[in-house]
Amino acid sequence: MQALQQKKIVVLGTGGTIAGLAQGAAPGCYRSAQKDVADLMGGVPVPTGMTLSVVQVAQIDSKDMDLPVWQALLAAARSWLDQTDVRALLVTHGTDTLEETAWLLQAMLAPTKPVVLTCAMRPADAVDADGPRNLADALIVAADPQARGVLVVCAGRVLGAQDVQKVHSSRLDAFGAGEAGDIARVLDGHVHWLRDCPKPEPAGSLDALLAAARLPRVEIVLSHAAASAAAVDAIVDRGTATRLGAEHVRGLVLAGTGGGTLHHALEAAARRAQAQGVRVVRTTRCADGWLQPRPDEEFPVLALSPVKARLALMLELLER
């Protein structure tokens with residue numbers, strides 16, 4: 001009986017290109033986050049038996065995503081998900097940091113109801129705007145009884161929060177999920193499931209995050225040819241942080257080459273940082289593949305993209 005009562009899809013707007021306007025500017029030039037989410041939803045077909053509630057949580061270019069917006073979005077999402085008549089949430093978001101927000105929503109909320117993020121690569125007033133189609137597809141996924149957890153819908157593809165990454169700077173199909181692949185496809189108004197939605201697992205305290213004045217400072221260091229230890233030494237130097245009025249670094253994500261290997265200079269500098277109390281973890285800069293285990297492992301491995309590993313380490317340090 002409870003499932004039958006869940007007829008509402010709540011749309012939470014945060015801005016992004018999907019809400020952007022070119023307004024006659026030169027090709028490729030536009031201002032992000034200009035249209036209200038209520039305007040975006042006008043004319044988008046609503047799945048049969050569903051109603052919409054629309055809330056403007058933020059209005060930003062997602063390259064500028066920050067803790068206050070995440071807190072507002074998480075608080076709103078939790079409140080709506082707790083309501084028995086809400087079937088699902090739809091979040092409109094910019095493409096640049098969508099993968100980070102998707103992972104954070106899954107880690108903090110671990111929702112059993114669907115939380116679907118969608119976006120656009122072209123502004124709302126473009127002749128060939130892709131936002132309306134993505135919005136319609138996202139609503140179809142949100143209403144589907146098989147959907148659960150945090151999903152990303154873009155260009156007819158349904159991707160999981162754990163694996164989704166922006167892999168192209170300009171094409172409409174800008175996202176991928178590596179070897180994990182698509183969870184589903186949307187075609188002609190129907191969802192074609194390729195595999196089950198992953199079971200959401202919580203990865204931190206939502207209350208702690210909502211109460212935080214700031215996130216612990218964690219930096220990503222990329223391993224590459226001719227790397228210098230000075231980059232790590234400068235990042236973790238507390239005197240430099242003090243001079244700049246910045247919080248000292250509490251964590252480092254080492255984005256290694258290949259299977260997570262590190263240039264010897266970076267590895268030595270990371271050991272020094274770890275000896276100073278900096279939490280150091282290792283991942284890979286490669287979009288696909290896996291981290292190779294090392295028998296003499298000095299730095300814990302996180303099987304996430306560097307930006308998601310950074311968020312995971314922030315959440316870990318927030319509770320310390």
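1. Which residues does Leu215 touch, not counting residues up to four places away in sequence? They are Leu67, Trp70, Leu209, Glu247 and Met314, where contact means heavy atoms within 4.5 Å. Leu215 sits in the loop between α6 (206–211) and β11 (218–222); helices (H or I, at least four residues) and strands (E, at least two) are DSSP runs, numbered from the N terminus. Leu215 is buried, at a relative accessible area of 17%. For that label, buried means under 20% relative accessible area, exposed over 50%, and partly exposed in between, using a 1.4 Å probe and protein chains only.

2. A quick word on what you're looking at: this is a predicted model, in which local features need pLDDT of at least 70 and side-chain atom pairs count only at pLDDT 80 or more, while totals for chains, interfaces and linings use all residues. Residues are numbered from 1 along each chain as its sequence is written, and side-chain values use heavy atoms, with hydrogens and water left out.

3. Now try two pairs of residues. Leu215 and Leu318 are 103 residues apart in sequence, yet their C-alpha atoms are 6.8 Å apart in space. For Pro132 and Leu317, 185 residues apart along the chain, the C-alpha separation is 39 Å. Pro132 belongs to helix α5 (residues 131–143) and is partly exposed, with a relative accessible area of 47%.

4. On to the inside. A nonpolar core here is a set of buried Ala, Val, Leu, Ile, Met, Phe, Trp, Tyr and Cys residues joined through side-chain atoms within 4.5 Å. The largest one has 54 residues, and Leu12, Leu89 and Leu117 have the most contacts inside it. Helix α3 (residues 67–81) supplies the largest share of this core, nine residues. Another core, of 30 residues, lies apart from it and includes Val44, Ala138, Ala147 and Cys197.

5. You'll find it in helix α4 (residues 98–109), buried with a relative accessible area of 1%. Leaving aside neighbours within four places in sequence, Thr101 is in contact with Met65, Trp70, Leu73, His93 and Leu117.

6. How do α3 and α4 pack? Their axes come within 11 Å and cross at roughly 50°; axes are lines fitted to C-alpha atoms, for helices over the stretch in contact, and angles run from 0 to 180 degrees between N-to-C directions. The two helices are therefore oblique to each other, since angles under 35 degrees count as roughly parallel, over 145 as roughly antiparallel, 65 to 115 as roughly perpendicular and the rest as oblique. Among the residues that meet are Trp70 and Leu73 in α3, and Thr101 and Leu105 in α4. The contact divides into nine nonpolar, one polar and two charged residues. Here Ala, Val, Leu, Ile, Met, Phe, Trp, Tyr, Cys and Pro count as nonpolar, Asp, Glu, Lys and Arg as charged, and the others, Gly among them, as polar.

7. Helix α4 also packs with helix α10 (residues 306–318), at an angle of about 35° and with the axes 9 Å apart. Trp103 and Leu104 in α4 are among the residues meeting α10, whose side includes Leu311 and Leu315.

8. Most residues other than glycine have a negative phi. Ala155, in the loop between β5 (149–154) and β6 (157–160), has a positive phi near 55° and is partly exposed at 37%. Ala226 has a positive phi of about 55° too, and at 72% relative accessibility Ala226 counts as exposed.
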